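Please read them with the structure open.

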Amino acid sequence: MTLPRCSQISLETTPYYHCVSRCVRRAFLCGKDTQSGKNYEHRRHWIEARIQKLAGIFAIDIAAYAVMSNHYHIVLYIDSNTAKTWPDTEVIHRWQELFSTSILAQRYIQGHTLDHSEMEKLKELVALWRERLMDISWFMRCLNEPIARKANAEDNCTGRFWEGRFKSQALLDERALAACMAYVDLNPIRAKMAKTPESSDHTSIQRRIHAATSGKQPKELLPLVGDERLSMPKGLPFRLDHYLALVDWSGQHLDPRKRSAISENAPPILERLGIPPKHWLYLNRYFENRFKSLVGSAESILQACIQLHKRWVHGIRDCRLYLSAAPY
């Protein structure tokens with residue numbers, strides 16, 4: 001039975017979520033369709049451009065993404081603290097970039113004086129828009145709907161382009177976040193669309209690698225700022241060089257000829273995360289399929305169940321085996 005979003009997404013539980021949207025028709029989202037002979041490669045740019053635009057509007061940052069032939073993956077960070085500090089005018093301006101606003105909001109932005117009842121109504125609308133601007137469902141809606149309309153117009157057809165619902169996984173701790181990001185970044189290699197992370201087009205890892213050659217990090221992605229600490233700026237709790245080395249090492253072991261042989265020079269970040277190399281490589285291949293709505297250590301899962309009033313979570317045995325603290 002399909003679970004309601006409120007039972008899968010809770011900012012009190014975690015700000016990190018892995019989302020996946022898949023096409024419902026056989027026609028490709030991107031790439032070349034061998035059946036029809038048509039090339040839809042340009043649609044990858046539609047997705048990337050839309051992701052970047054929405055990240056600048058919503059209080060949601062992009063940790064990782066990969067655009068594939070008939071689906072895409074994206075790891076999101078909900079920055080609720082920033083959204084709560086936005087003045088009402090900024091909320092209205094941001095919402096206007098996506099939808100038309102009410103006459104009250106337009107009058108307020110233009111400097112007209114509103115009476116008490118009008119201000120009360122406007123504050124209700126602004127509170128609603130503020131909540132939506134840090135809501136994953138609204139983010140995915142604003143990402144998918146324009147792509148579906150453009151694809152339908154290009155294909156000269158009507159009807160659904162995406163599956164009815166996107167899949168979401170709550171990433172409850174650092175291990176789950178690292179494993180999910182690497183899984184997403186390694187999608188083209190796992191699908192044999194690329195041989196190395198730097199040649200994996202339309203992925204966040206390629207953007208990070210290209211920016212790193214100039215000693216920078218891409219502005220459109222949530223930065224990797226190092227080991228978690230109290231004074232840590234907003235960003236992912238991994239060092240950039242450590243994460244890039246981890247993804248590169250993991251990609252080398254996705255080669256079927258190397259699956260039975262694990263090199264001894266495993267990246268040191270695995271030791272800090274407490275994930276044995278063989279378990280990490282298993283997660284690189286099967287992360288999405290092995291876990292459902294909640295992903296993390298057994299301790300994190302149990303705590304999340306209390307907060308979400310859930311009695312049981314599918315995949316907790318795998319969480320205990322692969323993502324709970326274990327001897328390295």
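Is Glu145 buried, partly exposed or exposed? With a relative accessible area of 38%, Glu145 is partly exposed; the classes are buried for under 20% relative accessible area, exposed for over 50%, and partly exposed in between, using a 1.4 Å probe and protein chains only.

1. Basis of the model. This is a predicted model, in which local features need pLDDT of at least 70, side-chain atom pairs count only at pLDDT 80 or more, and totals for chains, interfaces and linings use all residues. Residues are numbered from 1 along each chain as its sequence is written, and side-chain values use heavy atoms, with hydrogens and water left out.

2. Confidence. pLDDT is the predictor's confidence in each residue, from 0 to 100. The chain has an average pLDDT of 88, and 88% of the residues score at least 70. Helices (H or I, at least four residues) and strands (E, at least two) are DSSP runs, numbered from the N terminus. Where pLDDT is low, the predicted coordinates should not be read in detail.

3. The salt bridge of Glu145. Glu145 forms a salt bridge with Arg149, and the closest N and O atoms are 3.9 Å apart. A salt bridge here is a side-chain nitrogen of Lys or Arg within 4 Å of a carboxyl oxygen of Asp or Glu. Both residues belong to helix α6 (residues 136-155) and are 4 residues apart, about one turn of the helix. Arg149 is exposed, at a relative accessible area of 53%.

4. The whole structure holds 18 salt bridges. In one of them, the side chains of Asp88 and Lys123 meet at 3.8 Å, N to O. Asp88 is in helix α3 (residues 88-96) and Lys123 in helix α5 (residues 116-132), so this pair links distant parts of the chain, 35 residues apart. Asp88 is partly exposed at 23% relative accessibility, and Lys123 is also partly exposed, at 42%.

5. Arg290 and Asp318. These two side chains meet in a salt bridge at 2.8 Å, N to O. Arg290 lies in helix α12 (residues 277-290) and Asp318 in helix α14 (residues 316-323), so the pair ties together parts that are 28 residues apart in sequence. Arg290 counts as partly exposed, at 34% relative accessibility, whereas Asp318 counts as buried, at 11%.

6. A salt-bridge network. Arg22, Lys167 and Glu288 are linked in a network of salt bridges.

7. Strand β4. Of the 5 residues in strand β4 (residues 167-171), 4 are buried. Strand β1 (residues 16-22) runs antiparallel to β4 and is joined to it by 4 bridges; two strands pair if DSSP finds at least two bridges between them. Ala170 in β4 is the bridge partner of Tyr17. Strand β5 (residues 294-295) runs parallel to β4, with 2 bridges between them, and Val295 in β5 is the bridge partner of Leu171.

8. Helices α13 and α14. The axes of these helices come within 8 Å and cross at roughly 140 degrees. Axes are lines fitted to C-alpha atoms, for helices over the stretch in contact, and angles run from 0 to 180 degrees between N-to-C directions. Ala298, Ile301 and Leu302 in α13 meet Ile316, Cys319 and Arg320 in α14, contact meaning heavy atoms within 4.5 Å.
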